[in-house]
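Hi everyone, thanks for coming. Today I'd like to walk you through one protein chain, starting with the whole and then stopping at a few places along the way.

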Amino acid sequence: MAIIFDDKKPISDYLKKPDIHPESFASLYKRQNAGLKLISDEMEQENKEQEELAKLNEKRFERKKKLLFDNLDLIFRHKDEILETPRYANIDVHYAIKGGGCYIGPISTAKQYHFAGTLVNINFKLGSLLELWDNEQFKIPCKCGGTAVIYYFSGSPLSGGSIAASICPHCKEQIHNIRNRSFGNYMGHLLLKLYENTEKVAKSITAKWTLAELEYEKKVSEGHSPIWYGKGAEFHGDGESCNLETMINELQLKEFAQQQ
Ligand SMILES: [Zn+2]
């Protein structure tokens, strides 16, 4: 390998451009003697563990998707109750629906936002999924006489052609070659639900903060020390968290109790 050195430029020009010359030989030598790496062992360990976590989550979401699909009949029987109960309606089910197309790529149903260096996840919720399945676009008659729901679609925004997959809550039959339904309508309905989903989360956080400010003003006016009672101390979450496993168990126990 030949190293060509352009001596028309001062050496500092090369040092300023890390993409051309990432490091001079002199600083490489000094750095290595100091035992410092550009990517430390700790950074590599963190990346490795993040990859392991991602793999574990992939398996976890596959298991949850199967659980959800196996219990779709139970879920549909309790649809109204789920929609009226925030701790059920807000359960993350982003893994249960997939859509996208040529030129667009897959639609992200699990979004991560960074706010002031803090990670906020806004995932597609069970209530939104049940509302999405209310649209004719996402329903299809099943051989058993029941109504199947579409959980996967892909297509082309240019031709408008599409292919989709459905599952029947009643007989659990899956169909994988549903064709010729409007790709634009699939996209439109799913994106709308995703935006509504994000809006609900953002509005809820804003409302909680407004409440925290009011609580703080009240405490201060009551004579509490503003040093001990900051606005942040009055900021609270919904306190209504639940997961799919718990909800299914609660619904099954409820049906069992009703049968007695
Ligand atoms: Zn069926």
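Predicted model: local features only at pLDDT ≥ 70, side-chain atom pairs only at ≥ 80, totals over all residues.

The chain has nine helices and eight strands. Is it spread out or compact? Its radius of gyration is 27 Å, while the globule rule gives 18 Å for 260 residues, so the chain is more spread out than a compact globule. If you take a box along the principal axes, the C-alpha atoms fill roughly 85 × 65 × 35 Å. Of the 260 residues, 18% count as buried. There is also a number on contacts between residues at least 6 apart in sequence: 58% of these join residues at least 24 apart.

Now for the helix pair. In general, two packed helices are described by the angle between their axes and the distance between the axes. Here we look at helix H3, residues 41-70, and helix H9, residues 244-259. They pack at an angle of about 25°, and their axes are 10 Å apart. An angle under 35 degrees counts as roughly parallel, and H3 and H9 are therefore roughly parallel to each other. The crossing of H3 past H9 is left-handed. Which residues meet there? From H3 we have Lys 64, Leu 67 and Leu 68, and across from them in H9 are Leu 244, Glu 245 and Ile 248. Sorted by type, the residues of this contact are four nonpolar, two charged and no polar.

Helix H2, residues 25-33, gives us another view of a helix.

Next, let's visit two buried residues. Leu 126 sits in helix H7, residues 126-132. It has 21 C-beta neighbours inside 10 Å, which is why Leu 126 counts as buried. Setting aside neighbours within four places in sequence, Leu 126 is in contact with Ile 82, Tyr 88, Ala 89, Ile 91 and Val 93. Arg 87 is 39 residues away from Leu 126 along the chain, and their C-alpha atoms are separated by 10.0 Å.

The other one is Cys 168, in the loop between E7 and E8. Cys 168 counts as buried because it has 22 C-beta neighbours inside 10 Å. Not counting residues up to four places away in sequence, it touches Cys 142, Cys 144, Gly 146, Ala 148 and Glu 173. Cys 168 and Lys 219 are 51 residues apart in sequence, and from C-alpha to C-alpha they are 54 Å apart in space.

Last stop: backbone angles. Most residues other than glycine have a negative phi. Lys 172 is not a glycine, yet its phi is positive, about 70°. Lys 172 lies in the loop between strand E7 (162-167) and strand E8 (174-179), and with 15 C-beta neighbours inside 10 Å it counts as partly exposed. Asn 180 also has a positive phi, near 65°. You'll find Asn 180 in the loop between E8 and helix H8 (183-221). Is Asn 180 buried or exposed? It has 11 other C-beta atoms within 10 Å, so Asn 180 is exposed.

Definitions and conventions: Residues numbered from 1 in each chain as written. Axes fitted to C-alpha atoms, helices over the stretch in contact; angles between N-to-C directions. Helix = DSSP H or I, 4+ residues; strand = E, 2+ residues; numbered from the N terminus. Parallel < 35°, antiparallel > 145°, perpendicular 65-115°, else oblique. Left-handed = near helix turned anticlockwise from the far one by under 90°. Contact = placed C-beta atoms within 7 Å. Nonpolar A, V, L, I, M, F, W, Y, C, P; charged D, E, K, R; others polar. Rg over C-alpha atoms; globule rule 2.2 N^0.38 Å. Buried ≥ 20, exposed ≤ 12 C-beta atoms within 10 Å, placed from the backbone.
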